[in-house]
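Trainee: I would like to learn how to read one residue in its surroundings. Could we go through it slowly?

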Amino acid sequence: MTLKEAMAARHTVRRYTGRPLPEDIARQLEERILQNNRAHGLQMRLVTESEEALPAVIRLAMAKNVRNFIALAGPDAQGLDERLGWCGADLALYAQTLGLNSWWIGGTYRRSAVQKSAGLAPGTRVAGVLAVGYGQTQGTPHRSKKAEEISIYRGQPPQWFTNGVNAVLLAPTALNKQAFTVRGEGDIVLMSCDNGIFSGVDLGIGRYHFELGAGRENFCWG
């Protein structure tokens, strides 16, 4: 499965079988995390066989066997949320190519417990948690806006722009708001996101999806 295929196949999954991650799968995930950390100055960590990420009430009400997660974290600095969103999107899709499912958790995790179980250094900020594992199901597509509701192109949009916007609509966002605006003219694209405290992370996720769908060689970010 390619990353593009994973983008269409990935859906939020909150209930897992409890099957442990095989060593080779965990190793491949850790290698991908390390690559992203080095490239973007982050401190993301994979934690396995731990239920510390979620409060008990969430585990009882809507989740099951969430025992493996990636702490989306890095030194608190300008642009951190967007970088974590971009890299988290990469990890979610990469996990899908490995046969795993995922759940992007933006606000209902236990921040201090995640920091402790991930062994994060003081001063490191956690912007979210990506649960990974073998889902009881493959999830279902979320309700989606239409391309014309989030995008504007000056003139006739080229196919790469249309592909990019459609990819953005497949992206996970906080509360499924899809609060994106994508503007294009020639080969220049601008993207913004207005989703409150989640805007930075969601913008990073959206940018990753647009780049994957459109092809990074076809445009420049404005």
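**Reading Y153**

Mentor: Y153 has its place in strand β5, residues 151-153, where a strand is a DSSP run of E with at least two residues, and strands are numbered from the N terminus. This is a predicted model, in which local features need pLDDT of at least 70 and side-chain atom pairs count only at pLDDT 80 or more, while totals for chains, interfaces and linings use all residues. Residues are numbered from 1 along each chain as its sequence is written, and side-chain values use heavy atoms, with hydrogens and water left out.

Trainee: Is Y153 buried or exposed?

Mentor: Buried means under 20% relative accessible area, exposed over 50%, and partly exposed in between, with a 1.4 Å probe and protein chains only. Y153 has a relative accessible area of 17%, so this residue is buried. Of the 222 residues of the protein, 50% count as buried.

Trainee: Which residues is Y153 in contact with, leaving aside its neighbours within four places in sequence?

Mentor: Contact means heavy atoms within 4.5 Å, and by that rule Y153 touches P158, F161, G184, E185 and G186, once those neighbours are set aside. G186 is 33 residues away from Y153 in sequence, yet their C-alpha atoms are 8.6 Å apart in space.

Trainee: Which atom of G186 lies 2.7 Å from a polar atom of the side chain of Y153?

Mentor: That atom is the backbone oxygen of G186.

Trainee: How do contacts look across the protein?

Mentor: Among contacts between residues at least 6 apart in sequence, 75% join residues at least 24 apart.

Key
Helices (H or I, at least four residues) and strands (E, at least two) are DSSP runs, numbered from the N terminus. A polar contact is a pair of N or O atoms within 3.5 Å; within protein, one must be able to donate a hydrogen and the other to accept it, and residues adjacent in sequence count only if both atoms are side-chain atoms.
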